[in-house]
Amino acid sequence: MEDLGAKVSYLALPVGIRVYDVDSVPVGVVEHVLTDEPKDIFHGIIVAPSGPDQSHRFAHREQIADLYERGVVLSVPGAEMREPGEDPPAAVVEEAAHRPVQADLRRVWQRLSRPR
């Protein structure tokens, strides 16, 4: 596995960084960080797959070992990640991603709301 850099808070986790399972196998990239910002709760991440024939996956915070500047390490094998539809907050984000205007707004909001 590559050097992942320093540990970071979920608040500073960049979209697009690689996600590795417990065996250091790449399983995709971070597409969305699920949070409840007013309550300061990290819910998990939506992972865009590494292969074109695979579907998005959801890693709950309990399945995440560490967050780094350049990668996320899971505490489980990649096969144990759930479909986003199996988790209510993840399902809402996944559904919005399929609506063009909302997807564009979501991407703009992510760029504007990330700490620099």
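Trainee: Let's start with Y10: is this residue buried or exposed?
Mentor: Two notes first: this is a predicted model, where local features need pLDDT of at least 70, side-chain atom pairs count only at pLDDT 80 or more, and totals for chains, interfaces and linings use all residues. Residues are numbered from 1 along each chain as its sequence is written, and side-chain values use heavy atoms, with hydrogens and water left out. Buried means under 20% relative accessible area, exposed means over 50%, and partly exposed is in between (1.4 Å probe, protein chains only). Y10 has a relative accessible area of 13%, so the word for Y10 is buried.

Trainee: Which residue has its ring paired with that of Y10, and why is the pair called stacked?
Mentor: Rings of Phe, Tyr and Trp (its six-membered ring) pair if their centres lie within 6.5 Å; planes under 30 degrees apart are stacked, over 60 edge-to-face, and the rest tilted. By this rule the count comes to one aromatic pair. Its ring centres are 5.1 Å apart and its planes meet at 20°, so the pair is stacked, and the partner of Y10 is F42.

Trainee: How many residues apart in sequence are the parts that this pair ties together?
Mentor: Strands (E, at least two residues) and helices (H or I, at least four) are DSSP runs, numbered from the N terminus. Y10 lies in the segment before strand 1 (18–20) and F42 in strand 3, so the separation in sequence is 32 residues.

Trainee: Y10 also meets D40; what is the length of the polar contact between their side chains?
Mentor: D40 sits in the loop between strand 2 (26–36) and strand 3 (41–49), and with a relative accessible area of 52% D40 is exposed. Setting aside neighbours within four places in sequence, D40 is in contact (heavy atoms within 4.5 Å) with Y10 and L11. A polar contact is a pair of N or O atoms within 3.5 Å; within protein, one must be able to donate a hydrogen and the other to accept it, and residues adjacent in sequence count only if both atoms are side-chain atoms. For the side chains of D40 and Y10, that contact is 2.3 Å.

Trainee: Which residue in the turn of the hairpin has a positive phi?
Mentor: Two strands pair if DSSP finds at least two bridges between them, and strand 2 and strand 3 pair in the antiparallel sense over eight bridges. They form a hairpin with four residues between them, and the turn residue with a positive phi of about 55° is D40.

Trainee: Which residue in strand 4 is the bridge partner of I45?
Mentor: Strand 3 and strand 4 (residues 57–60) pair in the antiparallel sense over four bridges. In strand 4, the residue facing I45 as bridge partner is A59.

Trainee: How many residues does the largest nonpolar core have?
Mentor: A nonpolar core is a set of buried Ala, Val, Leu, Ile, Met, Phe, Trp, Tyr and Cys residues joined through side-chain atoms within 4.5 Å. In the largest one, the residues with the most contacts inside the core include V19 and I45, and the number of residues is 17.

Trainee: Now for charged pairs: which residue forms a salt bridge with K7?
Mentor: A salt bridge is a side-chain nitrogen of Lys or Arg within 4 Å of a carboxyl oxygen of Asp or Glu, and the whole structure holds three of them. K7 is exposed, with a relative accessible area of 58%. The closest N and O atoms in its salt bridge are 3.1 Å apart, and the partner is D66.
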